[in-house]
Amino acid sequence: MSTMSLFKRDRFSMKSTRRQTRLRGAVLAMMALWLLAWVGCSSPREGYEPYQPIKFNHKLMAGEPQWGTDANGEKINNGGWGIPCRYCHTMVDKGRSAGIPSENICMNCHSVVGQNLEWVLKLKEYYDANRPIEWIKVHDLPDFVYFNHAAHMTALNDEGKQKVDCVDCHGEVEKDEIVRVQNPFNMGWCLECHWKDDMQGPFDCIICHR
């Protein structure tokens, strides 16, 4: 085989390799764009509402009281007890996590209220055994997302008022017996909130992906 023939073959081989490299690059770029779109727009956990080890009724505990009178003229509450979120989730404005309520917090009330209820008796078993309740996390972001509750709950606007409240992300949990994921909690949803004129939150990648 002549030197010219070898040169032409090598040149053709190099062109073919370049085409394959470009094709692989295009495929990888398309896959990356698809993955980015999926992460930014999908909502695999929306509607998720697991049953907890102890039946805690948010509608009853956190709902608005509705006072009335019974047939005997006694004052009764037909609604909830209006317990604020921060009473149970004590770290919401102090740390990255909102905090999971311990059996000690529950027993502050249930050592004297509802002692014979089935789920209160189960609660007392945990309390007496000094064993933490295995609450199932409902709003669970992916490991590659950094979220700090305190940073959001302590953010103030120009008038010194709180920018974000629990309901903005978690919805009106006081109207549900079982807490569920009410919002998409994807990247697009978060950025849409950050871009609001009254929020003006940061949107650099490193803020959430550290």
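Mentor: A contact here means heavy atoms within 4.5 Å. The model is predicted: local features need pLDDT of at least 70 and side-chain atom pairs count only at pLDDT 80 or more, while totals for chains, interfaces and linings use all residues. Residues are numbered from 1 along each chain as its sequence is written, and side-chain values use heavy atoms, with hydrogens and water left out.

Trainee: Of the contacts in the chain with a separation of 6 or more, what percentage comes from residues 24 or more positions apart?

Mentor: The contacts considered are those with a separation of 6 or more. Within that set, the share of residues 24 or more positions apart is 55%.

Trainee: What percentage of the residues in the chain is buried?

Mentor: Buried means under 20% relative accessible area, exposed over 50%, and partly exposed in between, with a 1.4 Å probe and protein chains only. Of the 210 residues in the chain, the buried ones make up 23%.

Trainee: Why do the buried residues of H5 lie on the same side of the helix?

Mentor: In helix H5 (residues 118-128), the buried residues are Trp119, Val120, Leu123 and Tyr126. They lie on the same side of H5 because, taking directions from the helix axis to the C-beta atoms, they cover an arc of only 110°.

Trainee: Which helices do the buried residues of H5 pack against?

Mentor: The face of H5 turned away from the buried side carries exposed Glu118, Glu125 and Asp128. The buried residues of H5 pack against helix H2 (58-62) and helix H4 (103-110).

Trainee: What is the angle between the planes of Trp195 and Phe203?

Mentor: Rings of Phe, Tyr and Trp (its six-membered ring) pair if their centres lie within 6.5 Å; planes under 30 degrees apart count as stacked, over 60 as edge-to-face and the rest as tilted. Three aromatic pairs are found in the whole structure, including the tilted pair Phe185 and Trp189, at 4.9 Å centre to centre and 45° between the planes. Trp195 and Phe203 are both exposed. Their rings form an edge-to-face pair, 6.1 Å centre to centre, with an angle between the planes of 70°.

Trainee: Over which ring does the charged end of Arg210 sit?

Mentor: A charge sits over a ring if NZ of Lys or CZ of Arg is within 6 Å of the ring centre and within 35 degrees of the ring normal. Lys75 lies over the face of Trp67, at 5.1 Å from the ring centre. The charged end of Arg210 is 3.9 Å from the centre of the ring of Tyr146.

Notes:
Helices (H or I, at least four residues) and strands (E, at least two) are DSSP runs, numbered from the N terminus.
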